[in-house]
Structure formats: structure tokens, C-alpha cells
Amino acid sequence: MEDPQKTRVIPVGIMAGIAACLIAVGAGLSWWTLSSRSPKEPVVSSPTPTLPLPTPSPSPTVEKILNLYWVEDKNGQFAIVSQPIKIQAQNDPTVFLNIALDQLFAGASDPNQLSEIPKGTKLLNLTTNNDDIYVDLSPDFTQGGGSASMIGRLGQIVYTSTTLNPNGKVWLSVAGKPLTVLGGEGLEIPQPITRSTFDQEFQF
């Protein structure tokens, strides 16, 4: 048997010293490991590319044949006669009628065809809503002429405004006010007025 007195006993102080050395070595290794790593670069988010807004494509144009209406003397009897014209524009009845009336106000190219619409008359506004056609004219439209002239100019406006829709109803106004009486002789204008109404109530 071994002699118990010969058994080595490591003093507590030495053990504490060894533990302190091990802690110091471990801390040094951790520091070296951390410092040897390359620093992380900051993450920069790339900006979202701005896409250009789509450019609206222009509305396609179409060609239509419309009629302008003039006054013509047929053997001493005045009548409303048509003149077909070609118009190319956006496929919108409002656009076509605006162009047609502007050409009507410019005057007839045929010397046999007359216009009772006073010079200087302008189209202030024109809108459509199904069968309803709203036509607003400048005050020049009401100036000058007798009853025959008033009937003629009224027929020109009604027929030309309904060239795309012969059954359309025309609401006439002058400078924004409904036209109920035309001329000094007091030609009463029904609102709305149609081709049928004009033919029944007005004669040259």
C-alpha cells in the first residue's frame, strides 16, 4: 500500500494561477479571432428603378361622310339641300359635328347654294348625349333677315346637327341661354327641335 503521506496535494494557490492563465489565453484567442475577421460592409439597398409611364396612344381616326345643309332656290321655291363632305377625325360624334358646323359657318363653295346663317356666327359649344344634341351659338346667329331667312338658318342648323342621327333632338341656345324666339317677328322655336318638327311647323 502507498504511504498516504507520499500522495501529492496541489496547493490551492497553484490551481488558481493555472485557471487564471487558461482564462487569459482563452480571452486572447477570442480577441485574435474577432480582430482577424474582415469587417462587414454595410448593406446598401439598390434603389427601385423608376419605370417610365406609358405614353397614351392617340385615338384612331376614321373617315365619315356627313352632310352640310344649305338653302337653294329651286324654280322660285327655297328648299334645304344637302352637300356631302368627307371628314376624318376621332370616332366621336361630338368631334364630327363640331367640324361640320364650323365648315357650315365658313360658307358654301357652290354659288348655287346659299347660307342664311349670318357671317360671324360661331359655334360656342356642342355636346351630345345619345339622341340629344346641344348646340350653343354666338349672338350673331339671331341678327338680321326676315322670317324666310330665320327659317332657312334654323333648318340649316337642325339638319346639319342631325346629319349623324336623323332622329336626333336639337337643343338650341345662344350665348348659353335657350333659344325660344328667333328674330324680331318672334319665330317661336320648340325645344328640342327635330327634323320632323321643323318640316311640320316651318315653311319658306
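View A. Asparagine 129 has aspartate 132 in E5 as its bridge partner. The model shown is predicted; local features require pLDDT of at least 70 and side-chain atom pairs pLDDT 80 or more, while totals for chains, interfaces and linings use all residues. Residues are numbered from 1 along each chain as its sequence is written, and side-chain values use heavy atoms, without hydrogens and water. Strand E4 (residues 123–129) pairs with E5 in the antiparallel sense over six bridges; strands (E, at least two residues) and helices (H or I, at least four) are DSSP runs numbered from the N terminus, and pairing requires at least two DSSP bridges. Two residues separate E4 and E5 in the hairpin, and asparagine 130 in the turn has a positive phi of about 60°.

**View B. Strand E5 and its parallel neighbour E6.** Five of the six residues of E5 (residues 132–137) are buried, that is, under 20% relative accessible area with a 1.4 Å probe, protein chains only. Six bridges join E5 to strand E6 (residues 169–174), and the two run parallel. Tyrosine 134 stands opposite tryptophan 171 in E6.

**View C. The open sheet of three strands.** The antiparallel strands follow the order E2-E1-E3. Strands E2 (77–90) and E3 (113–114) are at the edges with a single partner strand each, so one side of each has no neighbour in the sheet. E1 (residues 61–74) and E2 are paired over 14 bridges. Within this pairing, tryptophan 70 has valine 81 in E2 as its bridge partner.

Note on methods:
Buried < 20%, exposed > 50% of the residue type's maximum accessible area, 1.4 Å probe, protein only.
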